[in-house]
Amino acid sequence: MPRPIYAQISQSALRHNLSVVRERLDRAAQAAACESPSIWAVIKANAYGHGIERAVRAFGQAQGLAMLDLEEAVRCREAGWGGPILLLEGFFQPQDLDILDRYRLSTSLHSQEQLDMLEQARPAHRINAMVKLNSGMNRLGFSPEAYGAAFESALALQARGVLGTVGKMTHFATADSGLGPDWQWTLFQACTEGLPGPVSVCNSAATLRHARLALGQPEGQVQWVRPGICLYGASPFDDESADALGLRAAMTLRSEIIGVQDLKAGQTVGYGATFTASKPMRIGVVACGYADGYPRHCGTGTPVTVSGVPTRLLGRVSMDMLVVDLEPVPSAGVGSAVVLWGEGGPSVDEVAAAGGTIGYELLTALAMRVPVRDAD
């Protein structure tokens with residue numbers, strides 16, 4: 001019998017979360033009396049751990065897909081996706097352009113080196129591109145001082161038949177915080193004023209909380225948003241839960257109790273003896289550890305559900321096991337169901353917060369050894 005840990009992925013939850021994003025955008029657009037933006041569903045990192053092919057099936061109502069990896073982009077085409085695909089980090093070597101051409105992939109342009117490679121390219125089909133502005137994130141993108149010249153270079157490549165549509169994009173650093181994105185949005189507007197082509201600025205946080213930025217572009221300039229984590233049922237905010245946003249968990253990590261111990265007062269649990277029983281208590285050993293992708297830095301008090309009852313983790317997470325408090329679940333024993341995060345258990349954001357991290361990390365860190373099943 002296989003080890004009793006597995007992850008369940010709900011495609012209906014993925015579809016639901018996309019519909020939540022669409023409904024929010026449509027309401028905002030209706031209030032502003034303008035067109036609703038198009039959606040690039042972000043499926044990077046194996047669709048945040050949920051599987052590329054599942055994401056292609058679930059996000060069929062999105063206008064496009066966005067990701068980083070060329071191989072994953074090819075898989076989308078092989079899975080039947082015929083719409084736009086945007087490579088968020090663009091291409092890395094001249095030979096990558098052959099793949100962009102063959103599979104009709106769109107690219108971000110964020111460096112002079114990419115422009116130089118395009119100067120030598122002779123694609124059979126025009127390649128659509130989004131020229132990225134570094135508006136303050138200070139990762140990828142042309143500086144405000146260099147942006148105009150870079151965009152003109154892209155337009156020259158368009159005139160030569162190398163590029164197709166040439167658009168504008170940036171990435172917000174603080175859309176999820178009180179500081180907000182306006183400081184970057186103001187700079188983006190100043191740097192792109194009068195430039196043609198589509199626009200894309202909003203990630204999950206900006207899409208959900210600052211949708212006004214995705215509205216009201218000049219006539220003929222299509223607006224795209226790029227939701228990511230919210231599509232998988234986790235929140236991009238520290239102060240608003242996924243449930244409050246109307247999102248559903250798409251991944252549920254399940255296991256079982258594989259052993260039970262009775263502790264006496266003063267006895268400890270796990271490596272480092274970080275938990276000491278203050279009284280006699282019953283504990284359960286769960287087949288899940290950091291080698292499965294469960295964060296080692298989660299400690300005593302991290303929420304977990306056993307047989308449908310909320311309880312807590314005790315002591316230090318081991319490579320293959322962790323320990324839970326069975327006092328709230330006196331009927332639990334070997335074989336009892338455990339939900340580490342997801343439907344019927346704590347949210348992935350709650351578990352992440354207990355470990356001092358974010359839900360993104362837990363979802364994308366699910367280990368290859370954990371079997372994945374479809375929930376619906």
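Helices here are DSSP runs of H or I with at least four residues, and strands are E runs of at least two, both numbered from the N terminus. With that in hand, welcome to this predicted model, whose protein has 11 helices and 18 strands. A closed barrel of 8 strands is part of the picture, and antiparallel pairings around strand 17 are another.

**Overall picture**

- Taken along the principal axes, the C-alpha atoms of the protein fill a box of roughly 80 × 40 × 35 Å.
- The protein has 376 residues, and 55% of them count as buried.
- If you look at contacts between residues at least 6 apart in sequence, 64% of them join residues at least 24 apart.

**The barrel and the helices lying across its strands**

- The closed barrel runs 2-3-4-5-6-7-8-9, and its pairing is parallel.
- On average, neighbouring strands of this sheet are turned by 30° against each other, with direction ignored.
- Strand 2 (residues 38-42) pairs with strand 9 (residues 223-225) in the parallel sense, over 2 bridges.
- For Ile39, the bridge partner in strand 9 is Val225.
- Helix 1 (residues 11-32) lies across strand 2 and strand 9, and it runs at about 150° to strand 2.
- Helix 4 lies across strand 3 (64-67) and strand 4 (85-87), running at about 175° to strand 4.

**Arg27 on helix 1**

- Arg27 is found in helix 1.
- The relative accessible area of Arg27 is 51%, so this residue counts as exposed, the cut-off being over 50%.
- Arg27 and Ala211 are 184 residues apart in sequence, while their C-alpha atoms are 9.7 Å apart in space.

**Helix 4 against helix 5**

- Two packed helices are described by the angle between their axes and by the distance between those axes.
- For helix 4 (residues 70-78) and helix 5 (residues 96-103), the angle is about 15° and the axes are 11 Å apart.
- Helix 4 is therefore roughly parallel to helix 5, since angles under 35 degrees count as roughly parallel.
- The crossing in which helix 4 passes helix 5 is left-handed.
- Helix 4 brings Leu70, Val74 and Arg77 to the contact, and helix 5 brings Asp96, Ile99, Leu100 and Tyr103.
- Sorted by class, this contact of helix 4 with helix 5 has 5 nonpolar and 2 charged residues, with no polar ones.

- Strands of a sheet pair through backbone hydrogen bonds, either parallel or antiparallel.
- How many residues of strand 17 (residues 337-341) are buried? The count is 4 of the 5, so strand 17 is largely enclosed by the rest of the structure.
- Strand 10 (residues 251-263) pairs with strand 17 in the antiparallel sense over 4 bridges, and Leu253 has Trp341 of strand 17 as its bridge partner.
- Strand 14 (residues 303-306) also pairs with strand 17 in the antiparallel sense, over 2 bridges.
- Within strand 17, Val339 is the bridge partner of Thr305, and Val338 is that of Val306.

- Strand 14 and strand 15 (residues 309-314) run antiparallel and are joined by 4 bridges.

Notes:
Residues numbered from 1 in each chain as written. Predicted model: local features only at pLDDT ≥ 70, side-chain atom pairs only at ≥ 80, totals over all residues. Heavy atoms only, no water. Axes fitted to C-alpha atoms, helices over the stretch in contact; angles between N-to-C directions. Parallel < 35°, antiparallel > 145°, perpendicular 65-115°, else oblique. Left-handed = near helix turned anticlockwise from the far one by under 90°. Contact = heavy atoms within 4.5 Å. Nonpolar A, V, L, I, M, F, W, Y, C, P; charged D, E, K, R; others polar. Buried < 20%, exposed > 50% of the residue type's maximum accessible area, 1.4 Å probe, protein only. Pairing = 2+ DSSP bridges.
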